[in-house]
Amino acid sequence: MSKVKDPFVRIVKRDKIHPLLKVLFYCIAILAALTVGGVLLIAIGVNPLVLYKDMFTIGMLGSRFAYKSVEGLITIFVPLLITSLALSLSFKMRFWNIGGEGQFIIGALAAATVALKFGESMSSFSLLLLMFLSAMLAAGIFGGFVALLNVRFKTNETLMTLMLNYIALYLLRFFGETQAPWNFYLSDESVRPVFQKFAETAYMPTISIGKFSLNISFLFAVAICVGVYFYLKKTKHGYEISVVGDSANTAKYAGMNVKKIIVRTMFFSAALIGLAGGFYVSGAKVLSTSVTNNVGWTGIIVAWLSKLNTFAIFGVSLLISIMQYGAQAASTQFPIIDSNFADLLQGIILFFVLAADFFIRFKLVFRKSAKKQGGKAA
Amino acid sequence: MAAEYAIELRNINKSFGSVAANKNINLKVRQGEILALLGENGSGKTTLMNMLSGIYKPDSGEILVDGKIVSVNSPEDAKKLGIGMVHQHFKLVDIFSAADNIWLGAEETTDKSAKGKLSQIFLRNKRFTEIEKTAEKFGFQIDAKKLVKNMSVSEKQTLEIIKVLYYGAKTIILDEPTAVLTVQEIEKLFEILRKMKAQGHSVIIISHKLNEVLAISDRVAILRKGEYIGTVNTSETDELQLTELMMGKKADLNIRRSKVEKKQPLLEIRDLTVKNDEGAVAIDHVNFYVRGGEMLGVAGIAGCGQKELCEAMAGLRKIESGRMIHEGESIVGLPPQKIIEKGISMSFIPEDRLGMGLAPSLSITDNMILKKYKQNHLNPFVDRKTARKDAQEVIAELEVVTPSTEIPVRRLSGGNVQKVLLGREIKADPNVLITAYPVRGLDIHSSYTIYNILDDLKQKGVGILFVGEDLDVLMALCDKIMVLCHGKIMGVVHANKTTKEQLGLMMTGALDLTESDNGKPVGIAKDSNIKEGVQ
Amino acid sequence: MKKVLSIFLALVMVVLCFAACGKDDANKDDGKKSDFLVGAVYINSQNDTAGYTFAHHNGITKAMEQLGLPKENLRIVDNIPEDTQQVSEAIDKLANQGCKIIFGISFGYIEAFAEAAEKPEYADILFSHATGYKSNDKNFNNYFGRIYQARYLAGIAAGLKSLELGNNNLGYVAAWGTEYAETCSGINAFAMGAQSVNPNAVVHVNKISTWGDEAKEKAAAEALINTYKCCVIAQHCDSAQPQLVATDGKVFGCGYNSDMTAQAPTAHLTAPVWHWDVYYKLAIDTAMNDPENFMSKVGIYYGGLKEGFVDISPLSENCTAETKAIIEKVKAMMVGGEWDVFSNVQLSIAKDGTITKTTAALKDNKGAEVISADGNTYFAYNKDTGALEAVDGGKDACDGVIKGSMNYYVAGVQEG
């Protein structure tokens, strides 16, 4: 018989972990990431404390226009939050919608079409309503179409949504770069092709609180967050989504129309992302080819980091927005730090948080401690 | 090999979180004996054996192999120590041949020469003959080139056994090997086990079926709620004593069968033909009926159309031809939802228990409401309040072991999963209950609980179709037994007028009673709701 | 677990120590008198080592150095795409920092800059937008340069080379053609420069329809050499690819943006270049010392050879001494304001350097008059109808046409 030695370290699944310990792990991870980032920053001659301070206060400290930082944060937070929530709907069903980018663009494009075509002739309220409805409908059909192909012909939704991202992007670029009499998306004023600014009726209304003006879309996003929570947790639709995601066979056995559920959920998922696109252009007042700001991709990260938990999605997307906004705000002071470094820092933090996630689910058992245990028992 | 005991476990403890699965267990396995490990569901049998085979590591305690203290950190280690385990859920690659499945985990060759190493890299055709040779040594018949996905359950199990033998296992652990086998297959398996014992192998067989334990083992070790109760010699014990040791109390081993007055046929099946997933005919022009207050047993070798029949009646499978009449109304072509609403409830326990009927990641509460969440169309919200109440009732009535109603079903042990499934079907208050293998993998206590529940339902006038595998149970519990063979009905017999031998012959197709019954058509009720000539 | 934690805590301590030291150093540096902050929004990375963003970054830092402003006083938000929302956010960040003048270098920033300038809270901040056409009378200007003047000079160098080689075919790799006045005026100026010394010169334009794509630039230059046997390859695109192709094809070339002699020593003649620091120095200086009069002193900036804002790179050894003399002469005429390219006066220059002025209408390659013989009317094609129409403003329309509405090629230019 061969003699078997204990391995130096083993990975053991944890059964339970105290919620406080969980929080502690995440805090340690963020601190560790900041430490690593700090070493890098010192190496290039930047004081990390100054940078971190500005980053996590999104540059509000000692600023003349601190309220502008909050406004700016909200403009990147709202689309990310809505997109992540929407993605969690389809992910919960194990339907891999990675077409957030494309659906966002289609939503933005639809809203812009309405804004440019009817901006002059409609009242603000009805125009905005029409913009957002058409954004949802267009994106919903764009995404629902993939689900339809999936249930009819068993096409792969991952590939389909991925490829449609590029179709949407190049469609947008086509409108953005083609100067022609029919192309109402472009400005008449400019000789170079630039997108036409919307009429004022298409602007997202804001609520003024002193100097600070709160974009209404923020309130909608919070409402959508609560709505998605109730939709998934309390409604029959939400229940169907979790059953289909868990076991399609069981869903069929229970008499559910699985195909219908898949198409419907994907439609809602895409429609919500389209709405986020509509909100965004209405706030920006004009289209652009980089309208998505990568929310379709970042949203996937947010959804998974949050384990598809609706309220965690709120927290994680807020954190990522603060990092994105704050890193840029902080790095303006240091000529040596460009946006790539800010991205790098975000990457380090994400990496450590994922590592913490691993240590929350598993623990390492070293040989020494195993021996000790054995000794005690003997 | 001087040590008296092939395996010795000393003071083994293992906890999962706050639950102690094994408490201070001492167990000895002699060289060349068949030891049965007996215990109810959740008594810690599988956990203990998983530690022996390197899947878990004990929190404390010692494992001795041939008298020496060893540490088993992985299945790889166990393999080196000559311990092999055949799990309840087979660990085979479906698209590989039998030989390749064995080859996959084969030990590195001792031949360290370049040629030897090279032979490791390439798949040689020799592997097929080599494996067949090993099989022959132990008296197995196996086609080494057959793909696993084309194998029957019994063949897969045989392959698993050959695998551990090929890897040189001296001690073989079988986790509930008979749960998935037919009577005939079980006999064959026991033959093999005896042969292995004769060649000096030690065998540990995990089971909760008393008759089998008594038939095969030399000694029986009993676990109860994670604790070691003791070991008895098989020759000196009987069913009653074992049950008492296992359950900690005296038990009544008689299955109750109430007499209920005959009622109208509730569900009538005429000329039903159904195809399986591969497109072959699975149910072939079948006639039968179930009356209210009657339990009709269905006997048959595994995979001869039971699943397709159940699915067809639940609306999950397309019907090629024939009629299904429920209380005078056709249910052919109705969607599953409508059939559920009519009060026809179907529960099929597949081999993996979770495949159909339950959503593993959802809580007990959420699973409880699976079939009726749609009730009250006007309310868009799921009624979890009632579901929670149902869940609590099922947990209480069927003695489901769970910390709460909100635990995901996959975290429950196999028996408890089944109780949840069956509990839900009963809660749905059906008038026809189709239940397939409801006690598959359950211990005695749980099984009896379920038999009694079914009998209670029958008394209430529910028509029950009971698809079973244990002929003793079918004969004791059901009123009539219908025997299927390759999708055809071999006859319907009265349970108290038949014998195991007769049923066995019909199951294999050797006896066909459909033609010998004085021209009286089999499976067609005298007081049928179906008016002839009306299609 | 404890061990891991202690190692981690030790690390944190070390970092904090370092950080504390770092802070001291930073404080020492801050003793400067000036706290005037300059903001900039870049389309690419500030750490680029070539290209458009690099040229502007270089210009700003050079100007600040000359004005004695420390490097730290430049606040940058970079990698900002032409998305109004994102540019607005970038402007907010720079305003938050306290920047008093904010530059935006890319054309697509125009809307965000125009909006920001109108915000009352930003009334004391100056906004300056490169290559745009919008402005206001308080705190928002735009700036660009008469690069066509430099292109005319490069055209002379190319024309003389074609005479020398006896090959009248010149090639021009252009990002865009008549779609943009910027490219169109550059092509015309180059052609007119070449024709001033070689009346038979023909400029073949190969349009790649993008501002930067090295593969397309290379392919376009190769096509010009293979199809038209061009002997000089000029360019209006980002990379040095066309010059490298010229080297391989044993022909000559005129680069753009930077002196490309280093990349193509045997082919390169000269390149029209920008001196962004000239503008940035003026703008920052005025913003710092006399912000009230920024619009009157700097205003809508359109500098040329005279201001030193545009120029050509030093002529390489591939040009003759006569070439140099002629170019100096013509340059002096433009610096002195005696003559400019787009007017009713055309130059013809003999080999010995004699310059003859001819007053005549300027005609496009379809034979239509685009500048009237009296020099008082400028024409452009109507985008929708395609008809040639006079541009409002008479003689004063000149700059507007060059910057905005020129959409024709002069005689001797062929596209395709």
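Predicted model: local features only at pLDDT ≥ 70, side-chain atom pairs only at ≥ 80, totals over all residues.

Start with chain B, and colour its two domains: 15 residues of domain 1 of chain B are in contact with 19 residues of domain 2 of chain B, where contact means that C-beta atoms, placed from the backbone, lie within 7 Å. On the side of domain 1 of chain B that touches domain 2 of chain B, you'll find six nonpolar, seven polar and two charged residues.

Residues are numbered from 1 along each chain as its sequence is written, and chains are lettered from A and ligands numbered from 1 in the order in which they are written.

Next, select chain A. Its count is 14 helices and four strands; helices (H or I, at least four residues) and strands (E, at least two) are DSSP runs, numbered from the N terminus. Along the principal axes, the C-alpha atoms of chain A fill a box of roughly 85 × 65 × 40 Å. Of the 378 residues in chain A, 49% are buried, meaning that 20 or more other C-beta atoms, placed from the backbone, lie within 10 Å of the residue's own.

Now show chains A and C together. Which chains have the most contacts among the two pairs that touch? That's chains A and C, with 40 residues from chain A and 43 residues from chain C taking part. Highlight helix 1 (19–43) of chain A: helix 1 gives the most to the side of chain A that touches chain C, with seven residues. That side of chain A divides into 16 nonpolar, 18 polar and six charged residues. Chains B and C, by contrast, share no contact, and their closest C-alpha atoms lie 19 Å apart.

Stay with chain C and look for a sheet. Five strands form an open sheet in the order 9-8-6-7-19, with parallel pairing; two strands pair if DSSP finds at least two bridges between them. At the edges sit strand 9 (252–254) and strand 19 (413–415) of chain C. Zoom in on strand 6 (residues 169–174) and strand 8 (residues 232–236) of chain C, which are joined by five bridges. One residue pair to click there is Val173(C) and its bridge partner Gln235(C).

Last stop: helix 7 of chain C, which lies across strand 6, strand 7 (202–207) and strand 8 of chain C, running at about 160 degrees to strand 6. Axes are lines fitted to C-alpha atoms, for helices over the stretch in contact, and angles run from 0 to 180 degrees between N-to-C directions. Among the residues making this contact are Ala221(C) and Ile225(C) of helix 7 of chain C, and Pro242(C) and Val245(C) of helix 8 of chain C.

Notes: Nonpolar A, V, L, I, M, F, W, Y, C, P; charged D, E, K, R; others polar. Buried ≥ 20, exposed ≤ 12 C-beta atoms within 10 Å, placed from the backbone.
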